[in-house]
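Here is a short briefing for a reader meeting this structure for the first time. Look over the sequence and the model, then work through the topics below.

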Amino acid sequence: MTLFRGLLSAKRIIGLSVATASKRTVSAPKGFLAVYVGEDQVHKKRYLVPVSYLSQPSFQALLSKSEEEFGYDHPMGGLTIPCPEDTFINVTSQLQ
């Protein structure tokens, strides 16, 4: 059951990413945070994550990695998380 909820959560995040890209919106909806994910400087994908993830230790670990690499100067103009997309999806799919 936990795996099923995790997959639904990951699907929701991916769906938000695709919907955002197709609408070309600049701001995130209320209650969500836009992050850019990827190791390649040129090809990063934008994801919308619930702000509730900010209190989760596994998500905070991703943010720490971002801080180590970029400090507070994010080249994409938004929060950038320098990890493979599959790692990001794996971590966020385990959060509620």
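Contact here means heavy atoms within 4.5 Å. Axes are lines fitted to C-alpha atoms, and angles run from 0 to 180 degrees between N-to-C directions. With that in hand, helix H3 (residues 85–93) lies across E1, E2 and E3. Helix H3 runs at about 10 degrees to E2. The model is predicted.

**The sheet**

- An open sheet is formed by 3 strands, in the order E2-E1-E3. Its pairing is mixed.
- Strand E2 (45–50) and strand E3 (79–81) stand at the edges. Each has a single partner strand, so one side of each is left without a neighbour in the sheet.
- From one strand to the next, the twist averages 40 degrees.
- In general, strands of a sheet pair through backbone hydrogen bonds, either parallel or antiparallel.
- E1 and E2 are antiparallel and pair over 6 bridges.
- Strand E1 (residues 32–37) and E3 run parallel, joined by 3 bridges.

**Partners across the strands**

- Which residue in E2 does Val35 stand opposite? That residue is Tyr47.
- Towards E3, the bridge partner of Val35 is Leu79.
- Tyr36 stands opposite Thr80 in E3.

**The nonpolar core**

- In soluble globular proteins, nonpolar side chains tend to be buried together.
- The largest nonpolar core holds 12 residues in all. They are Val35, Val37, Tyr47, Val49, Tyr53, Phe59, Leu62, Ile81, Cys83, Phe88, Val91 and Leu95.
- Which elements each supply at least two residues of this core? E1, E2, helix H2 (57–70) and H3 do.
- Val91, one of the core residues, touches Ser58, Phe59 and Leu62, not counting residues up to four places away in sequence.

**Aromatic rings**

- How many aromatic pairs does a search of the whole structure find? It finds 3.
- A cluster of Tyr47, Tyr53, Phe59 and Phe88 is linked by ring pairs.

**Glu39, in a loop**

- Glu39 sits in the loop between E1 and E2.
- Is Glu39 buried or exposed? Its relative accessibility is 55%, so Glu39 counts as exposed. The cut-off for exposed is over 50%.
- Glu39 touches Lys44, Pro82, Cys83 and Pro84, leaving aside residues up to four places away in sequence.
- Along the sequence, Glu39 and Cys83 are 44 residues apart. In space they are 5.3 Å apart, C-alpha to C-alpha.

**Ser93, in helix H3**

- Ser93 is found in helix H3.
- Ser93 has a relative accessible area of 12%, and therefore counts as buried. The cut-off for buried is under 20%.
- Where does the side chain of Ser93 reach? It reaches the backbone oxygen of Asn90, at 2.9 Å.

**Lys45, in strand E2**

- Lys45 has its place in strand E2.
- The relative accessibility of Lys45 is 30%, so this residue counts as partly exposed.
- Lys45 and Thr80 are 35 residues apart in sequence. Their C-alpha atoms are 9.5 Å apart in space.

Definitions and conventions: Residues are numbered from 1 along each chain as its sequence is written. This is a predicted model: local features need pLDDT of at least 70, side-chain atom pairs count only at pLDDT 80 or more; totals for chains, interfaces and linings use all residues. Side-chain values use heavy atoms; hydrogens and water are left out. Two strands pair if DSSP finds at least two bridges between them. Helices (H or I, at least four residues) and strands (E, at least two) are DSSP runs, numbered from the N terminus. A nonpolar core is a set of buried Ala, Val, Leu, Ile, Met, Phe, Trp, Tyr and Cys residues joined through side-chain atoms within 4.5 Å. Buried means under 20% relative accessible area, exposed over 50%, partly exposed in between (1.4 Å probe, protein chains only). Rings of Phe, Tyr and Trp (its six-membered ring) pair if their centres lie within 6.5 Å; planes under 30 degrees apart count as stacked, over 60 as edge-to-face and the rest as tilted. A polar contact is a pair of N or O atoms within 3.5 Å; within protein, one must be able to donate a hydrogen and the other to accept it, and residues adjacent in sequence count only if both atoms are side-chain atoms.
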